[in-house]
Amino acid sequence: TWVSKNNTTYSATQFQSLAIHPVNRNFTIGGTQDNGTNCLGADGTTWVNCRGGDGGYTLIDRNALDTTNVTMFHTFYNQSNTQIGFERATDTTFNWTYRGCSGTTSNNGMTCADTVLFYAPMEQGPGSPNTIYFGTDRLYRSPDGGDTMTLVSQGPLVSGQPVTTIGT
């Protein structure tokens, strides 16, 4: 006998990644499986869905001085020749801007036929603003928040084998 335990008091969310603001430890952004990208406000009391879809890797610029003017990034569903990329927001209105490939067209220099994971890895490096790294079967780097992505590895690293994680 099965009894449904889904009700208004039960909530389950599986985070794929979390990014915490460098100054305000309450301000958090997290990618969640099947539940989009969720954000916790600066007061630490309210989670909101700040972007739908499948949430993946999340980043908050390590140079942010406040929670109003802050650059954030998130990845989501990726697939070769369909969608390879991420989104960026520059404040807490969460007005996301897509960077990468849509179909076979790139708006920032990434190659659209790369082999990529469902949640492509993304990481920050040093600098102000932070250098952004994105992995497919190649490693890309951007000094300008993802507007231009430059190939910094051989392409591909290993044919048909996507990068699974990036460490800085």
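Predicted model: local features only at pLDDT ≥ 70, side-chain atom pairs only at ≥ 80, totals over all residues.

Residues are numbered from 1 along each chain as its sequence is written, and side-chain values use heavy atoms, with hydrogens and water left out.

**Stop 1: the whole chain.** Switch to cartoon view. The C-alpha atoms fill a box of roughly 50 × 50 × 25 Å along the principal axes.

Now colour by accessibility. Of the 168 residues, 43% count as buried, where buried means under 20% relative accessible area, exposed over 50%, and partly exposed in between, using a 1.4 Å probe and protein chains only.

**Stop 2: rings.** The model has 7 aromatic pairs. Rings of Phe, Tyr and Trp (its six-membered ring) pair if their centres lie within 6.5 Å; planes under 30 degrees apart are stacked, over 60 edge-to-face, and the rest tilted.

Select Tyr77 and Phe118. How far apart are their centres, and what is the angle between the planes? They sit 5.3 Å centre to centre with 65° between the planes, an edge-to-face pair. Tyr77 is in the loop between β6 (72–75) and β7 (83–89), while Phe118 is in the loop between β9 (105–106) and β10 (122–124), 41 residues apart. Tyr77 is partly exposed at 27% relative accessible area, and Phe118 is partly exposed too, at 39%.

Next, pick Phe86 and Phe134. Their ring centres are 5.6 Å apart and the planes meet at 40°, so this pair is tilted. Phe86 belongs to strand β7 and Phe134 to strand β11 (residues 132–135), so the pair ties together parts 48 residues apart in sequence. Buried or exposed? Phe86 is buried at 0% relative accessibility, and Phe134 is buried with 0% as well.

**Stop 3: charges.** There are 6 salt bridges here, each a side-chain nitrogen of Lys or Arg within 4 Å of a carboxyl oxygen of Asp or Glu.

Select Arg88 and Asp147, whose closest N and O atoms are 3.0 Å apart in a salt bridge. Arg88 is in strand β7, and Asp147 is in the loop between β12 (139–142) and β13 (150–151), 59 residues apart. Arg88 is buried at 14%, whereas Asp147 is partly exposed at 29%. Bring in Arg99 to see the network of salt bridges linking Arg88, Arg99 and Asp147.

Finish at Arg138, which has a salt bridge to Asp114 with closest N and O atoms 2.9 Å apart. Arg138 lies in the loop between β11 and β12 and Asp114 in the loop between β9 and β10, so parts 24 residues apart in sequence are tied together. Both Arg138 and Asp114 are buried. Now show Asp137: its side chain meets that of Arg138 in a salt bridge of 2.7 Å, N to O, and Asp137 is buried at 4%.

How values were computed. Helix = DSSP H or I, 4+ residues; strand = E, 2+ residues; numbered from the N terminus.
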